[in-house]
There are 4 protein chains.
Amino acid sequence: MHEGRKINVGVLGATGTVGQRFIALLSEHPFFVLHALGASQRSAGKPYARAVTWKQTKYIPAVVREVVVQECKPECFRGCEIVFSGLDADVAGPIEEAFRRAEFAVFSNAKNHRRDPNVPLIVPLVNASHFSMIPQQRSLHNPPLQKGFIVTNANCSTTGVVIPLAALEKAFGPIESCMITTMQAISGAGYPGVPSLDIIDNIVPYIGGEEEKMEWETLKILGGVSEGEDGRKIFDMHARQPLRVSAQCNRVPVIEGHT
Amino acid sequence: MHEGRKINVGVLGATGTVGQRFIALLSEHPFFVLHALGASQRSAGKPYARAVTWKQTKYIPAVVREVVVQECKPECFRGCEIVFSGLDADVAGPIEEAFRRAEFAVFSNAKNHRRDPNVPLIVPLVNASHFSMIPQQRSLHNPPLQKGFIVTNANCSTTGVVIPLAALEKAFGPIESCMITTMQAISGAGYPGVPSLDIIDNIVPYIGGEEEKMEWETLKILGGVSEGEDGRKIFDMHARQPLRVSAQCNRVPVIEGHT
Amino acid sequence: MHEGRKINVGVLGATGTVGQRFIALLSEHPFFVLHALGASQRSAGKPYARAVTWKQTKYIPAVVREVVVQECKPECFRGCEIVFSGLDADVAGPIEEAFRRAEFAVFSNAKNHRRDPNVPLIVPLVNASHFSMIPQQRSLHNPPLQKGFIVTNANCSTTGVVIPLAALEKAFGPIESCMITTMQAISGAGYPGVPSLDIIDNIVPYIGGEEEKMEWETLKILGGVSEGEDGRKIFDMHARQPLRVSAQCNRVPVIEGHT
Amino acid sequence: MHEGRKINVGVLGATGTVGQRFIALLSEHPFFVLHALGASQRSAGKPYARAVTWKQTKYIPAVVREVVVQECKPECFRGCEIVFSGLDADVAGPIEEAFRRAEFAVFSNAKNHRRDPNVPLIVPLVNASHFSMIPQQRSLHNPPLQKGFIVTNANCSTTGVVIPLAALEKAFGPIESCMITTMQAISGAGYPGVPSLDIIDNIVPYIGGEEEKMEWETLKILGGVSEGEDGRKIFDMHARQPLRVSAQCNRVPVIEGHT
C-alpha cells in the first residue's frame with residue numbers, strides 16, 4: 001500500500017496539545033500525507049504556525065507551517081480518507097459524528113465515544129479483533145454507511161496497563177483481580193492543565209474521572225465481542241470471567257511519561 | 001487607638017489568593033476586626049468556607065468560616081471604616097472608586113490606580129510622606145470627600161527593591177542608575193496562574209508588564225511630592241536627579257518567596 | 001510524672017537530619033529536657049550551632065545552640081535516662097549496644113536492631129504490647145540489665161501503613177494480603193541524599209531495601225508475641241494467619257511528606 | 001583534512017559527566033575517531049559500558065561500549081594526537097601536564113590551568129587569536145616541546161557571556177562595566193552535584209567560586225595578547241580599557257541549560 005500510494009489524512013483539533021502530537025508524528029509517517037488541519041473558528045483562516053501555541057520539543061514540521069487552518073466541518077476535509085481527532089471532549093462528540101456520517105474514517109483520542117456500545121476502543125497490540133464491530137456501527141445509519149466509522153483509542157493510563165495484562169492472560173488464563181497505581185505526568189492534563197501551585201513540591205493523589213475510566217476501559221478492551229440474543233454483537237466486558245479492577249491515579253511533577 | 005477600640009474592616013476579592021492572604025493576616029491583627037467579605041456574584045450569599053478554594057498554608061481562620069460573602073457594593077460594607085482590596089485588575093477599577101465615593105478608606109493591592117497622579121503608591125518604610133497627596137485626591141470630588149480615599153501598595157517585586165534603594169539614597173545621595181534581576185515565585189501569579197508545563201524544569205525569562213511596572217513604580221516611590229506651577233501637588237518621579245531603572249524579571253519554579 | 005519532675009534525655013547522631021528532628025521535637029516536649037548531644041569525633045567539642053548544618057524549617061532551638069557536642073560514648077551522657085538515636089546505620093549498631101549495656105533506655109530510629117528477635121519494633125498506636133519483650137532482652141546480659149534496653153521505631157513508610165492495617169484487622173479480622181505503593185519524599189533519604197539530577201522532573205521507581213523492609217516490618221509489627229517451645233518469647237510474624245505483603249516504593253520530587 | 005584522514009583522540013575522565021558529554025559529541029564527529037578512554041584506577045580494565053554510570057539523554061554510543069577503560073597515563077594513549085580532558089579539578093592538574101610533556105595536544109574542561117599565564121582560555125568565536133600563546137608555552141620546557149600544549153575552555157557561564165560582549169565591543173568599542181546575573185542548571189554541578197533537598201522549590205543564590213571565575217575569565221578572554229618589557233607575551237586582561245565585571249550566580253531547579 002505505502003509503495004503504491006500515500007493516504008491523505010486530516011487532523012481535528014490541530015492546535016491543541018493532542019493535535020500537535022498527531023501532527024508531529026504524522027509529518028514523518030511513511031504512509032500518510034497531512035492534507036487538512038481543523039480547529040476552532042478562532043484559528044480558522046490562519047496559517048498553522050500563527051494559529052498554534054506550539055508546545056512540543058521538536059519544531060513545528062515545515063510541511064504544516066503555512067497550511068491554512070480550516071473549521072472542523074466535513075466539507076473542509078475533502079480529499080482526506082482518514083481524520084485523527086484531538087478535539088476537546090466538550091466539542092468532540094457531534095463533530096466526530098458529522099465526519100462519520102460524511103464517510104470519513106475517524107480515529108479519535110477524545111473520550112466521548114469510548115463507551116459507545118458500537119465503537120471499538122482499540123489498543124493495537126491487544127484487541128485489534130474489536131474492529132469486527134465496525135460493520136454493525138455502519139449499519140445503524142440509514143442508509144448504512146459505506147466507509148465512515150469511529151474508532152477511539154484508550155486513556156493513556158489504560159493503554160499502558162492492558163498490554164501486560166493481555167500478555168498475562170494469554171500465558172496464564174483469565175485474571176481475577178488487578179490493582180493499579182499510576183503516577184501520571186502533567187502533559188496528560190493538556191495545556192494549561194495542572195496549575196504549578198498545585199504540583200510543584202507535591203503530588204496530587206486524585207485525577208477526576210481517571211480511576212473510573214481505567215476500570216471501565218480495561219474491561220472493555222480485555223473482554224471479547226459476543227453475540228447477544230438478538231444476534232447483535234456486544235462487547236462483553238470480560239463478563240464470563242469477572243475481572244475486578246481497582247485503580248488509584250496520582251498526578252506527579254514530571255513533564256512527560258506516565259508510570 | 002488599639003486599646004480604646006478596634007476598627008472594623010472589609011476585604012474585597014476575599015476568595016482570591018490575595019484576599020485569602022489579607023484574611024489570614026487580618027484575622028490575627030491586634031487593631032482590626034474582619035467585619036465584611038466581598039466577592040463576585042457567584043460567591044455572594046455563601047458562607048466563606050464554602051465559597052473559597054483556600055490555598056494558604058494555614059487553615060481558614062475560624063472567625064471567617066461562617067461569614068456570609070457579600071457582593072462588592074458599598075452598601076454591603078456598612079460598619080467598615082477601611083476596605084482592603086484584593087480584586088482582580090479586570091474589575092478593581094470602578095469597584096474601588098465606588099467605595100471611595102462612599103467614604104471608605106480603600107487600601108488596594110490591585111494595579112489599576114497605581115499610576116493615578118493623585119493616588120499614593122505606598123511602601124511604608126520608604127514613602128509614607130506620600131500620604132500627603134490624600135487631601136488633594138479628596139478635593140477632586142464634588143462635594144469633596146470627607147474620609148474616602150484610595151491608596152495602593154506597590155508590585156511585590158518593586159517593594160523589595162525600593163527599600164534598600166531608599167536606604168542607599170539616604171546614606172549616599174541620589175542613585176543614577178540601577179539594574180534589577182528578579183527570580184519570582186509562582187505564587188505571585190495567583191491561581192491557577194502559571195501552568196506547570198511551562199515552569200517545571202524551566203525558568204520563564206519574561207513576566208508580562210512586570211519589568212515596565214518595576215521601572216515606573218520605583219521612580220514614583222523614590223521620587224518626592226512637588227508643587228506644580230498651578231499650585232497642585234505632583235509626584236515628581238525622581239525628576240531632579242534622573243534615575244535610570246532597568247529590570248529583568250524571571251519566573252522560577254519556587255512556590256513562595258521572590259528573589 | 002511530668003508534673004513531679006522532668007526526664008533528662010540525650011540525642012545520638014545529633015547533627016544528622018534525624019537527630020535535628022529529634023532535637024526540634026524534644027526541645028518543646030513537656031516531659032523531657034535535652035541534656036546531652038552526641039555526634040562524630042569531627043563535631044565533638046564544638047557548640048551545637050557551629051557543628052550542625054541545620055536543615056529544618058524552624059530555627060535551631062535556642063536551648064541547644066551553645067550545648068557542646070559530645071562523642072557518642074556512654075560516659076559522656078551521664079545524667080540522661082533515655083537516649084534517642086538518629087545515628088547512621090553504618091555506626092548505630094555497636095554504639096547503641098554500648099549505651100544499652102551502660103543501662104540507658106535507647107530509642108532508635110536506625111535500622112540496625114529492627115530485626116533483632118529480642119528488640120521490639122514499636123508503632124505506639126499499634127503494638128505497644130511488644131514492650132513485653134524487654135525483660136527477656138535484659139536477661140540476655142550477664143548479669144542481667146536493670147534498666148538498659150533498645151527499642152526501635154519502624155521505617156517511616158511502614159509506620160503509615162500498619163496503623164490503618166491494624167485498625168482494619170481489629171474491625172474485620174486477619175488480613176490475607178496487602179499491596180502497598182508508596183510515593184516517598186526526598187527528606188526520607190537524609191542529606192545530601194537524592195541527587196537533584198535524579199529526581200527533578202522524574203520519579204525514581206525503586207528505593208534500595210525499602211520494599212523488603214516494609215514487607216518484613218509489617219509482619220513483625222502486626223504479629224503477636226508468642227511463647228516458643230523452650231518458654232522463650234518470640235515475635236510470631238503474623239504466623240497463625242499468613243499475611244502476604246507486597247510493597248512497591250517510589251521516590252518523588254516532594255520535599256516532605258510520604259504518600 | 002577530514003577527507004584525507006581522521007584524527008585519533010582520547011578522553012580523560014571518560015566516566016564523569018563531562019567525559020560522557022565529550023564521548024557523546026565525539027562519537028558523531030566527522031574529523032575525530034575515539035581511540036582511547038581514560039578514567040580512575042577503579043574503572044581501568046573494565047569495558048566502558050560497565051565502568052560508567054551513564055547520565056546522558058542519548059544512549060551510550062555503540063562504538064565505545066566495549067572499549068576497555070585505561071588509566072590516565074600517556075603510555076596508555078599511544079596513537080592519539082589529541083586528548084580531551086573532563087577530569088575533576090582535584091586530579092586534572094598533574095595528569096594534564098604529564099600528557100603535555102608527552103607531546104599530546106590537551107584540550108581541557110578543567111579549571112586547573114585556566115589561570116596559567118601561558119595557557120590560552122579559548123572561546124572559539126571570541127579569542128582564537130590567543131592560540132598565539134602556544135609557542136611560548138612549549139618553549140618553557142627543556143627541551144622545548146614539539147607538539148604538546150594545554151588549552152582550556154572557559155567556565156560554562158563565562159562562555160555564554162563573552163560571545164555577545166565581544167560582538168558589542170566589536171561594534172561599539174570597549175565596554176566599561178558589565179553586570180551579569182546567571183540562573184544555572186544543576187547539570188553544571190556534575191553528579192551527584194546539588195542535593196535535591198537544597199534545590200527543589202528553591203533557588204540557591206550562590207555558587208562557590210563561580211562569580212569570581214566569571215569576572216576573571218571574562219577579562220582574560222576579552223583582553224588581548226601583549227608583549228611585556230622582557231619580550232614575553234602576556235594576556236593583558238583588558239588592561240588598556242579597564243572593564244569592571246560584576247557577576248551574581250544562582251543555581252535554579254532546571255536540569256539542563258543555563259540562563
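Author: A salt bridge is a side-chain nitrogen of Lys or Arg within 4 Å of a carboxyl oxygen of Asp or Glu. The model discussed here is predicted.

Reader: How many salt bridges are there between chain D and chain C?
Author: Side chains of opposite charge can pair when their charged atoms come close. Between chain D and chain C the count is 2 salt bridges.

Reader: Which residue of chain D meets the side chain of C:Asp198 in a salt bridge?
Author: The N to O distance in this pair is 2.8 Å. The cut-off is within 4 Å, so the pair counts as a salt bridge. The partner of C:Asp198 is D:Lys55.

Reader: What share of the area buried between chain D and chain C comes from carbon and sulfur atoms?
Author: The contact takes 16 residues from chain D and 16 residues from chain C. The buried area is about 1,400 Å². Carbon and sulfur atoms give 70%.

Reader: Which residues in chain D lose the most area to chain C?
Author: Three names answer this, and together they make up 42% of what the chain D side buries. They are D:Ser196, D:Leu197 and D:Ile200.

Reader: How many salt bridges are there over all chains, and which residue pairs with A:Glu28?
Author: Over all chains the count comes to 36 salt bridges. In the A:Glu28 pair, the closest N and O atoms are 3.7 Å apart. A:Glu28 sits in the loop between helix H1 and strand E2 of chain A, and its partner, 30 residues apart, sits in the loop between helix H2 and helix H3. That partner is A:Lys58.

Reader: How many charged residues has the contact of H7(C) with H9(C)?
Author: The crossing is right-handed. H7(C) contributes residues including C:Val161, C:Leu165 and C:Glu169, and H9(C) contributes residues including C:Lys213, C:Met214 and C:Glu217. By class, the contact has 7 nonpolar and 3 polar residues, and the charged ones number 4.

Reader: What is the handedness of the crossing where H7(B) passes H9(B)?
Author: In chain B, the axes of H7 and H9 come within 10 Å and cross at roughly 40°. That makes H7(B) oblique to H9(B). The crossing is right-handed.

Terms used: Residues numbered from 1 in each chain as written. Chains lettered and ligands numbered in written order. Predicted model: local features only at pLDDT ≥ 70, side-chain atom pairs only at ≥ 80, totals over all residues. Heavy atoms only, no water. Left-handed = near helix turned anticlockwise from the far one by under 90°. Helix = DSSP H or I, 4+ residues; strand = E, 2+ residues; numbered from the N terminus. Contact = heavy atoms within 4.5 Å. Nonpolar A, V, L, I, M, F, W, Y, C, P; charged D, E, K, R; others polar. Buried area = accessible area lost by both parts, 1.4 Å probe. Axes fitted to C-alpha atoms, helices over the stretch in contact; angles between N-to-C directions. Parallel < 35°, antiparallel > 145°, perpendicular 65-115°, else oblique.
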